[in-house]
Every structure is written in structure tokens, then in C-alpha cells.
Amino acid sequence: MQNVATATQGLRALNPEQVDAFWADGYLKVGKILTDDEIECYRAEYDRIFAEARAGKVNFRNLAIDNTDDLDAKNKAGKQLLQIMQMCEQSILFRRLVGDDRILDVIEDLIGPNIQLFHDQGLWKPAYTGGPVHWHQDNAYWRCSPPNLVSAWLTLDDVTRENGAMQFIPGTHLQTVGHGKASTSNALLDSGDHADTSRAVVVDLPAGGITIHHCQTLHMTEPNTTPNQRRAIAIHYMVPGTRSLRTGDYLGVSFGRPLLRARI
């Protein structure tokens, strides 16, 4: 089953059935929200930032291999799953994207009117060599409390199962599951036997489309085995007052974690 919101320019809100479906399944397919002209602008900026990263001017990780600072090793590895944290701090265009009303209106319907950025990230799977992301819950990495963050996953390319579309297991946001290190890379986690993959739903998207998922929904993406690259942005939102279980500190408002919307 795929939950599809009406994807129109200027989408303002979800209907009650869509909200109910999100909380039942832990994810929602929204569909295309960017115009074709916007997609081209974001692609050009995305490519510029990742080219600077490849040249050593912007910090990035290749999550498909063991974590290393060796630029040559990251660039020449046989598998490529490149991650740049805080794309919004690399470009004013991506700074605007995290606060785009078309996204925030959807997020508000799910977590309420006070919305703070947790962080965002660019996740690039090049053609043929794009590595997998294993079954996991986001909060296994983040360790945030309360665990009610939601993520908007936006793609700048048409995505299918073969080039790395998101896959979800409905209802898995309702409980925390165990995770171990992935066998392919110690930079990734893997929920292993906790994932009932027989219930997995593959969510294809057009370029400029988004899905929303809960921070405890099990999800994954397969390797990119196609001649088409897969460029994606993940934007993670939280309510003010969220804290880190690692440090016990509240994740206060800052340049890196701005308050994007407040309706007091």
C-alpha cells in the first residue's frame, strides 16, 4: 500500500486521511512539490557542492566504506554513498529549501506548529556504484528524546527501486528495535532480523518529489545499479525542546538548528 498525497504546486496541508495514514504506517508519499525550473536550479547547486567535496573543499563521508579522512580513498572506493551534512550551510538555496512552506505545511500537520531543524544532509548515489543503506531507524543514530522527529526525503532525480528509492516497513515506528554495525561499513547501522522485509513497500518518486517518515520507521535504499545517478536531500525536523540522550542536553536554537516556524 502506498499513501499518496495530492501533489500540486503550493500544497498547503494534508487531509485527515493522510495524517491518519502517516501515524498508522510511519511514512507518507507526498509526491512532486518542486517545479521543473526549481529542480534544475537545485541540481546545479547540488552538483557544485559535491564537486567541491570531491576536490577536498567541503567535508563529506563515503558511507559505503569504513569511515576515513583519506580523500583519495573516499573518491576511488568501488562503492559510493556520499554524504554531506548541513547542505543548508553550504548554499543559500538549500538554506531556503529547509524552510520551504510547501514542506513546512506538511510537517506542521504532523508534529504541530512549532518546527525546528534538527539537521539536513545530501545523500548521493552515483550511477552503477551507488552503495546501499541497510534497514534502520533514524533514531538509532540520533538518540533523541522524545523520539518524534520526522524527515522529508526529497529527490532531484526520478527514483525507482533499482537506483535507490526509499523502502519502508509500515508500522515499525511504534517500537524501538535493536541495531548492529552493518557488515559492509562500520559507518552504517543495520537492524538485521528485526526487519520483516516481506512487508516492505518501495516508494517510487518523480524528481522534485518527497516522502515523509517518522524517525522510528524502518527504511532502507538498495544499491544504484543503473546508469542514472540518484541525488537526494534528507531534511530532519523536530519540535523545540527535543534533547539528546547522549548528552542529556536540549537541542537549542542555533544557526545550525534554526527555529523555522513558531505559532505561540
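Start with the open sheet: its 4 strands follow the order E5-E13-E8-E11 and pair antiparallel. Strands here are DSSP runs (E, at least two residues; helices are H or I, at least four), numbered from the N terminus. Two strands pair if DSSP finds at least two bridges between them. This is a predicted model, in which local features need pLDDT of at least 70, side-chain atom pairs count only at pLDDT 80 or more, and totals for chains, interfaces and linings use all residues. Residue numbers run from 1 along each chain as its sequence is written, and side-chain values use heavy atoms, without hydrogens and water.

Now zoom in on E5 and E13. These antiparallel strands are joined by 2 bridges. Valine 133 sits opposite threonine 221 in E13.

Move to the largest pocket. It holds about 490 Å³ of space. Closest to its centre, among 26 lining residues, are Leu63, Gln83, Gln121, Leu123 and Tyr141. A pocket is an open set of points on a 1 Å grid over the protein atoms alone, where a 1.4 Å probe fits, with protein on both sides within 12 Å along at least five of seven lines; lining residues have an atom within 4 Å of a point. Volume is the space filled by probe spheres set on the points.

Colour the lining by element. E3 (82–85), E4 (115–125), E5 (133–136), H6 (138–142), E13 (219–221) and E14 (230–238) each supply at least two residues. E4 gives the most, with 4.
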